[in-house]
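Subject: Structure for your files

Hello,

Here is the structure I said I would pass on. My notes follow below it.

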Amino acid sequence: MPELNSEDEPEPIGGGPRRRGRTIPPGVAVRTGRETLSVELALTIFRQMVRTRALEDRSIKMSKSGEAYFWIGGPGEEATNVCLGLQVHKGHGPAYDYLHLHYRNAGVMLGMGMSMLDHVRQLGMRRTDPHSMGRNFVGHYCIPKWNVVPVTSVIEVQFAMAPGTALVQKRFGGEGITVVVGGEAGTAEGDFDSCLNWSTRPGNELPVLMLVTNNRFGISTDLHTVHVNRPVADRGIPYGIRAETVDGNDPIAVWHGIARAMRYCRDERRPFLLETMVSRLNGHSSSSGAMRDPAEADPLAAFERRLVDEGAIDEAGVQAMKDDAKAEADAAVVEAMAEPQPTPADVRRFTYADSEVDAVYPGDYTGLPGRR
Amino acid sequence: MATLVQAVRLALHYGEEYLGVTDVFGEDVGPPLGGVFTATQGLRTAWNSPLDERGILGTAMGIAYAGGRPVCEIQFADYAFNVIDVMKVAGNQRWASAGGYPMPIVVMTPTGAGIRGSLYHSHSFESWASRLPGWKVVLPSNPLDAYGLTIAAIKDPNPVMLLLPKALMRVKGDRPLPGEPADPDELSKMIDAPVGADRAGWKPRWPDLPEYVVPIGSANRVREGEAATVVSYGRTLPLCAAAADELSKQGHTFDVIDLRSIFPYDWDLISQSIAKTGRLLVVNEDTEVTNFAEHLIRRAVDEHFYDLLVRPRALMGDHIPGIGMNQVYETNSVPQSYHIRDAMRDIAAEAA
C-alpha cells in the first residue's frame, strides 16, 4: 500500500467505536468488482471525505453569513480528491510530485495533511492565510514546501504550465510526477491540448498525470450541449496517451484508477489522462447560491452506506466521525476569524523579489518609479 | 562590432555558462535555425518547441516553479496577444502566493515595424507590456545595451520581457561589447552558423566575454542639450539622436533619452531633464490610443506642470489596425525620421 499522507500519522479513525472483527474479519476488504480496499484504508479515505465535506459545508455557511465574500469548492468530488491527496508523493523539489490544481481540491489538500485552519484562513481573507495572505479566493492553494503551485481562477492555464515542472522532473530522474487537475469544461481551452502535445514530444515524453474531474457542467452549461458526446479520455487517443475513465464517486474504483495512472507516470515517465466522473452537489459556487442539488449522487453518503452495510463501521462510529469533523471545522473558523487582517502596508508586498540589477526596485515594489 | 542580435546571442551564451540558464526555447529557437533572427544560434540549451505560444510561456513558468531558469521566445510580438492572460498570471505569481513562488523567467520577443513586415510582423508591444504589473520590460536600441539588458534580464529573479526592435536586429553599434573581437568578420566566423550549408556538424566558437549589466530602470542620455527633452527607445531612438545632430546645426540642442526600460522607467533622469528644458516630446511607434507615452506625459503634467514652457507632446503610431505591405502604408503609419525631425523642431521653436 502506498505511504499515506496525513497530518498526524497515525491518526485514530474519528474516535468513534468501530465494530472491529464482528462482521468483517481482519484482512477482509471492501470491493468494487475485482478491486478492493482494506478496511483500514477505506476508513482512512472515508474519514478524510467526511472532513472535506464538513469543511465545505462550513465554508458555504461562511459565505452566506458574510464572514466570507465568496465560496467555490468541491462537494461531490471528495472521493476523487481524497484518493488523489492520499497518494501524492509530498515534498519539495523535482524528486516529489508537483500539483497544478484547480479550485475544487480541498479534499486533495486535506488528504495531503493540510489543516482545515489553513483553508479557512484563505476563505476568511486573513493575513495569516499561508496561500495568498488574504489575496485570493478560497481553494486557491499554494504550498511551496509541498510543490503545490498557485491555483488560479483562469480556467485551464495550469495545463500549459504542467509540462514545465514535468520537464524538470524528467531530467531529474526519480519517481516525481506532475499532477494537473481541471474540470471537463476547461478541456475546451487550447491549454488542455497544449499539455497533451507538450507531454508527448517524441523522445521527450513527460511524466504528467492529467486528471479531468468530469461533473458534466461548466457553471450552467451542460457538457453535451457544447462538446461531442464522447469521453474526455478519448482526447488522449490522437496523442497516443494512455487514458482511462473511472467512476470518481466510488472511492474503490478511483483509488485504483489514480494508483494505476500514477504508477504508469512514475515508472514509464510518460503522461496519463485520467477522467473521473464526479458529482457537483452544490452548484458552481456561491454565485449560483451553493444550494444542494438533490439530483446529484452523493459519493460520501454512498460510501457511508457501503461501509455500514459491510460492517466496516457502525452508525455511531459514522456519527462520531462527522461530529469530530464538524467540531474541527467550527474551531478552525473561530480561530481563523480571530486572526489579523492584511493592512494597507501589505498591498504592494511580494510584487518583486530582490534584484541586484534593478536600479529602481532593488527590493519590492514601492510605487511608481521616482515617486517619493 | 557585434550586431544587436549577435549581442543578445552572446548574452544568452553568458547566461547559459555563468548564470544558470537551463532552457532557451521557443518556435525554431533550437537547431538548425537558431531563431528567425538567429538570436539563439549555437546555444547549448536551445530547443525547438511546438508552435504554441501559450505552451511556451506556460512551460517556462513550470520550469521556473521547479527551480529552472528559462529564457523563452515568442517569435514575433504580434503572436503574444493570445498569451496575455498567461503573462498576467506570470506577473502575479509572487504576489498571489505572498512570496511563495518567485517567477524568474525571461520572455524575449521582437517588436515594432521597420522590416516591411506588413500586418502581422510589425506590431509594437511595449504599451501592452507596460500594463502587466509584476513584470519588468526592457527594450534596447543598440548592441551594447542589448548585451547588458539581456544579462540583467537573466539575473533578475522576476519575470522580465525583453523586447527587441526588429528594425535594429542587424544594426551594429558604435560601442563594442566588452571583449568582443575587434574584427566583425572574425566574430561572424566564430558565432554565425553557415548559411545554406549543412549545419549538423557546426559548432560556434564563443569568444570569452565578461559580464556586463545595464541596470533595469536606468535610461541613457545619448545627446545632451537645452531646447527640449526627447524620450524614446527602440527603433525610433537612433532616429531621434540623428535628428538632434541635424537640428544642432540650426542651433537647437536636445536631451535625447534612450529609456531602455519601459518598466520600471528612469523617472529621475526624465524629471531632471524636464526641469532643465521645460519641454517634453516622447517618441515611439506604438498605436497612439492608450500609448505608454501618455503615461509619461501624465506624470510630466502632474509633477512638472509649472516647469513646462510648452505643451508636452507625443509622436506615436497611427491608431489603425495594422501596417500595410506597401511602403506608403508603413511610412505614413509610424514615425519616420522626417516626422521626428519636424516634431523636434516644432517643440524647440514654439514660443514659450
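Between chain A and chain B there are four salt bridges; this is a predicted model. Polar contacts across the interface of chain A and chain B come to 18 residue pairs, both residues being at pLDDT 80 or more.

Helix 5 of chain A provides the largest share, nine residues. Sorted by class, that side of chain A has 28 nonpolar, 12 polar and 12 charged residues.

As for extent, 52 residues of chain A are in contact with 52 residues of chain B. The two chains bury about 4,000 Å² between them, and 60% of this is on carbon and sulfur atoms. In chain A, the residues losing the most area to chain B are W198(A), Y352(A) and V357(A), which together make up 18% of what that side buries.

One residue in chain B also deserves a note. D286(B) belongs to strand 11 (residues 280–287) of chain B. D286(B) is buried but has no salt bridge, and R131(B), the nearest side chain of opposite charge, is 10 Å away. What does the side chain of D286(B) make a polar contact with? The partner is the side chain of S127(B), at 2.8 Å. Beyond its neighbours within four places in sequence, D286(B) has contacts that include F125(B), N291(B) and M316(B).

Regards

Methods
Residues are numbered from 1 along each chain as its sequence is written. Chains are lettered from A and ligands numbered from 1 in the order in which they are written. This is a predicted model: local features need pLDDT of at least 70, side-chain atom pairs count only at pLDDT 80 or more; totals for chains, interfaces and linings use all residues. Side-chain values use heavy atoms; hydrogens and water are left out. Helices (H or I, at least four residues) and strands (E, at least two) are DSSP runs, numbered from the N terminus. Buried means under 20% relative accessible area, exposed over 50%, partly exposed in between (1.4 Å probe, protein chains only). Lys and Arg count as positive and Asp and Glu as negative; His and the chain ends are not counted. A polar contact is a pair of N or O atoms within 3.5 Å; within protein, one must be able to donate a hydrogen and the other to accept it, and residues adjacent in sequence count only if both atoms are side-chain atoms. Contact means heavy atoms within 4.5 Å. Buried area is the accessible area (1.4 Å probe) that two parts lose on being put together, summed over both. Ala, Val, Leu, Ile, Met, Phe, Trp, Tyr, Cys and Pro count as nonpolar, Asp, Glu, Lys and Arg as charged, and the others, Gly among them, as polar.
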